[in-house]
Amino acid sequence: MTTTPLRDRAPRPAPLDPARLTVRAARLHDPLVGPLLDGLAHEYSTRYTGLLTPAELRDELEHYGVEEFAPPHGALVLVLQDGVPVAGGAFRRRWEPEHGDAARLADPTARDGEGAPAVPTAELKRIWTHEAHRRRGLARVVLAELEARAAAAGYPRLYLTTGPKQPEAVGLYLAAGYTPLFEPAAYPGDLVPHAFEKWLDR
């Protein structure tokens, strides 16, 4: 049996210190949101090489307008450590047909037809943790904040998609009680979005 020398092992991430963390709402063009969008663009360009350049991905991340992620139908939150953004995420009102197994969707006809989900649904987007601060529980902090704000905005249901090359995200959502709208045993499957849902009133 081989072992990894201590000097070659990744350092254990420092535990979260709540006294150093602040959660705040932001708008898409807030300067503090820039690192979130840049980090996501870098992450996606690395994992999905050849699909879009980092610059194209950065533009794509601003595809939805500022008002999509603003009250009363949306929100964008940042987690700051000592005033520096280390994680964040957003939600918007989902109007489009959904991805996933048609038999498991809130509105089975929405997958191939037109129209919003059958119930008001908040779509989680832009979930991000700074690469230097991963494995510290920050993504769970973001999810909890988004869930609380979505519930306060009157949404009974959450929906999100993640990509076929993001197993950490799949693990996060499963652990946080999200129901996959695909077969987890077959993940990653095709190069298509993999959808999850979570009901907030059940």
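**Exercise 1. Find how many aromatic pairs the structure holds, and describe two of them.**

Solution. The structure holds 5 aromatic pairs; rings of Phe, Tyr and Trp (its six-membered ring) pair if their centres lie within 6.5 Å, with planes under 30 degrees apart counted as stacked, over 60 as edge-to-face and the rest as tilted. Start with Tyr64 and Phe69, an edge-to-face pair at 6.2 Å centre to centre and 85 degrees between the planes. Both Tyr64 and Phe69 are buried (under 20% relative accessible area with a 1.4 Å probe, protein chains only; exposed is over 50%, partly exposed in between).

Next up are Phe91 and Tyr155, edge-to-face with 5.8 Å centre to centre and 85 degrees between the planes. Phe91 belongs to strand S3 and Tyr155 to the loop between H3 and S5, so this pair ties together parts 64 residues apart in sequence. Phe91 and Tyr155 are both buried.

A word on the model: it's predicted, so local features need pLDDT of at least 70 and side-chain atom pairs count only at pLDDT 80 or more, while totals for chains, interfaces and linings use all residues. Residues are numbered from 1 along each chain as its sequence is written, and side-chain values use heavy atoms, leaving out hydrogens and water.

**Exercise 2. Locate the charges that sit over rings.**

Solution. The test is NZ of Lys or CZ of Arg within 6 Å of the ring centre and within 35 degrees of the ring normal. Arg92 puts its charged end over the ring of Tyr64, 4.1 Å from its centre. Arg93 lies over the face of Trp95, 4.4 Å from the ring centre.

**Exercise 3. Work out the strand order of the sheet and name its edges.**

Solution. Helices (H or I, at least four residues) and strands (E, at least two) are DSSP runs, numbered from the N terminus, and two strands pair if DSSP finds at least two bridges between them. Reading across, the open sheet of 7 strands goes S1-S2-S3-S4-S5-S7-S6, with mixed pairing. Strands S1 (21-25) and S6 (179-180) are at the edges with a single partner strand each, so one side of each has no neighbour in the sheet.

Now zoom in on S5 (residues 157-162) and S7 (residues 194-199): they run antiparallel and are joined by 6 bridges. Thr162 stands opposite His194 in S7.
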